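Please look over the sequence and the three-dimensional model shown below before reading on.

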Amino acid sequence: MAIMRLGRVEVRCPNWEKSIDYYKRVIGLIETAREEDRVYLKAWDEHDHHSVILKKADSAGLEHLAFKCEFASDLDLYEEKLNNIGIYTERVPAGVRIAEGEAVRFTLPTGQIVELYHKIEVVGNGLPLVNPDPWPDGLLGMHPTRLDHLLIAGEDVDGATKIFTDIFDFHVSEQLVAGEKNDQTIAKWLFKTNTAHDIAIIKGPQNKLHHFAFWLDEWVELRNAADIMAKNDVMIDAGPTRHGITRGTTIYFFDPSGNRNEVFCGGYITYPDSATITWTEDTIGKAVFYFERELNERFTTVVS
């Protein structure tokens with residue numbers, strides 16, 4: 001039984017046509033399907049049908065996030081574990097969205113809707129599985145290799161963290177704490193794969209999205225991404241810079257609908273026995289933006 005990775009995010013986009021153009025031409029995602037109110041996209045090195053769904057809506061925000069499980073039987077096992085601790089679940093039938101199999105849906109204590117799934121149509125990454133070149137031709141924009149992680153906000157960070165650690169066997173890579181005894185949680189960074197974080201949870205307005213991030217392989221690609229943002233008048237929130245937390249390099253910016261994106265590169269490798277790193281509130285500037293050592297107000301207050 002195992003969650004393998006963050007599989008998809010579905011985000012609401014009120015600025016519909018500009019958002020579709022932005023995610024395809026500026027970010028460089030590949031469109032795999034379209035309905036009247038949804039567009040399905042993938043990063044080029046992802047093999048599954050989609051990892052990002054844009055949904056036409058009146059306001060920005062996160063419609064749902066989903067983790068891919070290794071086995072179909074994992075859905076039954078995780079559903080039983082969630083029900084045993086009093087968390088209501090429901091089944092999302094196969095075919096509700098294009099290319100997707102059945103999913104188990106539940107709500108985190110921080111308000112976000114989470115789905116667990118196993119089946120999804122596989123479309124490949126445009127390269128052969130025998131003697132492939134390093135990338136396919138015709139890539140556009142920043143062309144990240146994959147959806148990497150997301151940061152969600154809500155009131156009960158410890159409650160949401162407990163579900164990830166106790167039910168899904170995630171580990172806490174880093175935490176930001178406050179209080180005289182450093183016993184008040186501001187944020188937690190959690191991993192299931194071997195990256196520094198697959199999901200992070202920060203104390204804030206209930207059921208909000210701070211950002212979702214795409215992976216770039218090298219620092220030079222991050223610098224090129226900054227050029228592409230400037231060329232296309234994308235609103236940059238912070239960076240290029242480095243995090244103290246995760247040690248990754250980063251740029252934060254906004255899509256045309258107001259959802260915050262990140263391109264992320266580097267950071268350390270984690271293992272199940274990796275120790276949790278703690279940052280205290282008085283070092284929050286250095287923890288988040290290691291070079292600048294201070295946060296801008298927009299970064300701490302704007303969520304979607």
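## Terms and basis

Helices (H or I, at least four residues) and strands (E, at least two) are DSSP runs, and they are numbered from the N terminus. Ser-51, for example, lies in the loop between S3 and S4.

This is a predicted model, in which local features need pLDDT of at least 70 and side-chain atom pairs count only at pLDDT 80 or more, while totals for chains, interfaces and linings use all residues. Residues are numbered from 1 along each chain as its sequence is written, and side-chain values use heavy atoms, with hydrogens and water left out.

## The eight-stranded sheet

Eight strands form an open sheet with mixed pairing, in the order S2-S3-S4-S1-S5-S8-S7-S6, where two strands pair if DSSP finds at least two bridges between them. Strand S2 (30-34) and strand S6 (90-92) are the edge strands, each pairing on one side only. From one strand to the next the twist averages 25°, and angles here run from 0 to 180 degrees between N-to-C directions, with axes taken as lines fitted to C-alpha atoms, for helices over the stretch in contact.

S6 and strand S7 (residues 103-107) are joined by three bridges in the antiparallel sense, and Glu-90 stands opposite Arg-105 in S7. S1 and S4 pair in the parallel sense over five bridges, with Val-9 opposite Val-52 in S4. S3 and S4, by contrast, pair in the antiparallel sense over four bridges, and here Tyr-40 stands opposite Ile-53 in S4. S4 is also mostly covered, since four of its five residues are buried, where buried means under 20% relative accessible area, exposed over 50%, and partly exposed in between (1.4 Å probe, protein chains only).

Helix H2 (residues 73-84) lies across S1, strand S5 (61-69), S6, S7 and strand S8 (113-117), and runs at about 25° to S7.

## The surroundings of Ser-51

Is Ser-51 buried or exposed? Ser-51 counts as buried, because its relative accessibility is 3%. The side chains of Ser-51 and Glu-46 are joined by a polar contact of 2.7 Å, a term for a pair of N or O atoms within 3.5 Å; within protein, one must be able to donate a hydrogen and the other to accept it, and residues adjacent in sequence count only if both atoms are side-chain atoms. When neighbours within four places in sequence are left aside, the residues in contact with Ser-51 include Gly-7, Arg-8, Val-9, Leu-41 and Leu-147.

## The nine-stranded sheet

Another open sheet, also with mixed pairing, has nine strands in the order S14-S15-S16-S13-S9-S12-S11-S10-S17. Its edge strands are strand S14 (236-242) and strand S17 (277-280), each of which pairs on one side only. Neighbouring strands of this sheet are turned by 20° against each other on average, direction ignored.

S9 and strand S12 (residues 199-203) pair in the parallel sense over five bridges, and Gly-154 stands opposite Lys-203 in S12. H3 lies across S9, strand S10 (171-178), strand S11 (184-191) and S12, running at about 25° to S11.

## Aromatic rings

Rings of Phe, Tyr and Trp (its six-membered ring) pair if their centres lie within 6.5 Å; planes under 30 degrees apart count as stacked, over 60 as edge-to-face and the rest as tilted. By this rule there are 14 aromatic pairs. The rings of Phe-67 and Phe-164 have centres 5.8 Å apart and planes at 75°, so this pair is edge-to-face. Because Phe-67 lies in strand S5 and Phe-164 in helix H3 (residues 157-167), the pair ties together parts that are 97 residues apart in sequence.

Phe-67 is buried, with a relative accessible area of 1%, and Phe-164 is buried at 0% relative accessibility.

Terms used: Contact = heavy atoms within 4.5 Å.
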